[in-house]
Amino acid sequence: MLFPRFIVFCAAGFLVGQAAYAQDPKPAVPAEKPSLAPVKPKASPTPAEPPITFNSVHVDGPFIALTFDDGPNATLTPKLLDLLAARHLKATFFVVGQNAADHPEILKRAVREGHEIANHSWSHPNLAKMSDEAVRRELQKTDDAITAAIGKRPTLLRPPYGSITARQKKWIHDEFGYRIIIWDVDPLDWKRPGPSVVTARILKETKAGSIVLSHDIHPPTIEAMPATFDQLMKKGFKSVTVTELLAMATPVPPRPTPSPSAPRALPVASPTPSTSPPIPAPTP
Ligand SMILES: [Zn+2]
């Protein structure tokens, strides 16, 4: 009796279909699938992987890092070293390799006086737009020039213009061991806005853990430094090298949590890395 069974089946199917239609009428425009699950947060870096890039550091004391790029300059850098020495301040010089090769004696003096020398490429190109092989040559030549001058290899890189891809950071870190140092205070001194403006901008933006960018190839920047240094010191800031600042990194205070069993702090020092720093405005 196939035929009656078929009738019953069709009738049942029709009724179910009608019922479903009555309960859940199809809207004229299909609605988006409701998202019951919360929006998936962006993947955060694996805690096991130490951070590679730094814009600033979380520290407990009033420590900052003053950094000077693009030198050494035959006259301005020694002048700056005098200003730093008179105040017992430490700085980090991100040198352009070809300038470093021209003035190894300035690098030697800087290291003797407690400053740090770091890599800022050989000829100041935009690394993000270059082949791996070309980037490797830029970094290696500078690394060699610094090593020849001061007898030890640099451990930090600041890419010109702060421009570098995430992929480059990774392989450069793996190959050269460099940490990538950007900045959080930029007075745009390369535009030469006048010494008092440079001083005012640095004082306004600098906080504990800041990495301050300036350039020791512009006379007005050097002119701005006595007042900048004196007022930073008056505010209680203490300038150390970038490597020293990174070593002082303390855990970022945990956000308030309702669970009393949640760990209150990470067991090891955890600097505040910037996994995707904004590309700062180009600096010469
Ligand atoms: Zn530069």
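Me: Before the strands, what counts as two strands pairing?
Reply: Two strands pair if DSSP finds at least two bridges between them. This is a predicted model.

Me: OK, strand 2 then. Which residue stands opposite Phe68 in strand 3?
Reply: Phe93 in strand 3 stands opposite Phe68. Strand 2 pairs with strand 3 (residues 91-95) in the parallel sense, over four bridges.

Me: How does the chain get from strand 2 to strand 3?
Reply: Through helix 2 (residues 76-87), in a β-α-β crossover that is right-handed.

Me: And strand 7, in what sense does it pair with strand 2?
Reply: Parallel, with five bridges between strand 2 and strand 7 (residues 211-215). Val212 in strand 7 is the bridge partner of Leu66.

Me: What about strand 8 and strand 2, how many bridges?
Reply: Three, and strand 8 (residues 238-240) pairs with strand 2 in the parallel sense. Ser239 in strand 8 is opposite Ile64.

Me: Is strand 2 mostly buried or exposed?
Reply: Mostly covered: of the seven residues in strand 2 (residues 63-69), six are buried.

Me: Switching to helices. At what angle do the axes of helix 7 and helix 8 cross?
Reply: Roughly 40°, and the axes of helix 7 (residues 195-205) and helix 8 (residues 219-234) come within 8 Å. Helix 7 is therefore oblique to helix 8.

Me: Left-handed or right-handed crossing?
Reply: Right-handed, as helix 7 passes helix 8.

Me: Which residues make the contact?
Reply: From helix 7, Pro195, Val198, Thr199, Ile202 and Leu203. The helix 8 side includes Pro220, Ala224, Ala227 and Leu232.

Note on methods:
Residues are numbered from 1 along each chain as its sequence is written. This is a predicted model: local features need pLDDT of at least 70, side-chain atom pairs count only at pLDDT 80 or more; totals for chains, interfaces and linings use all residues. A residue is buried if 20 or more other C-beta atoms lie within 10 Å of its own, exposed if 12 or fewer, and partly exposed in between; C-beta atoms are placed from the backbone. Helices (H or I, at least four residues) and strands (E, at least two) are DSSP runs, numbered from the N terminus. A crossover is right-handed if, with the strands pointing away from the viewer, the path from the first strand over the helix to the second runs clockwise. Axes are lines fitted to C-alpha atoms, for helices over the stretch in contact, and angles run from 0 to 180 degrees between N-to-C directions. Angles under 35 degrees count as roughly parallel, over 145 as roughly antiparallel, 65 to 115 as roughly perpendicular and the rest as oblique. A crossing is left-handed if the near helix is turned anticlockwise from the far one by less than a right angle, and right-handed if clockwise. Two residues are in contact if their C-beta atoms, placed from the backbone, lie within 7 Å.
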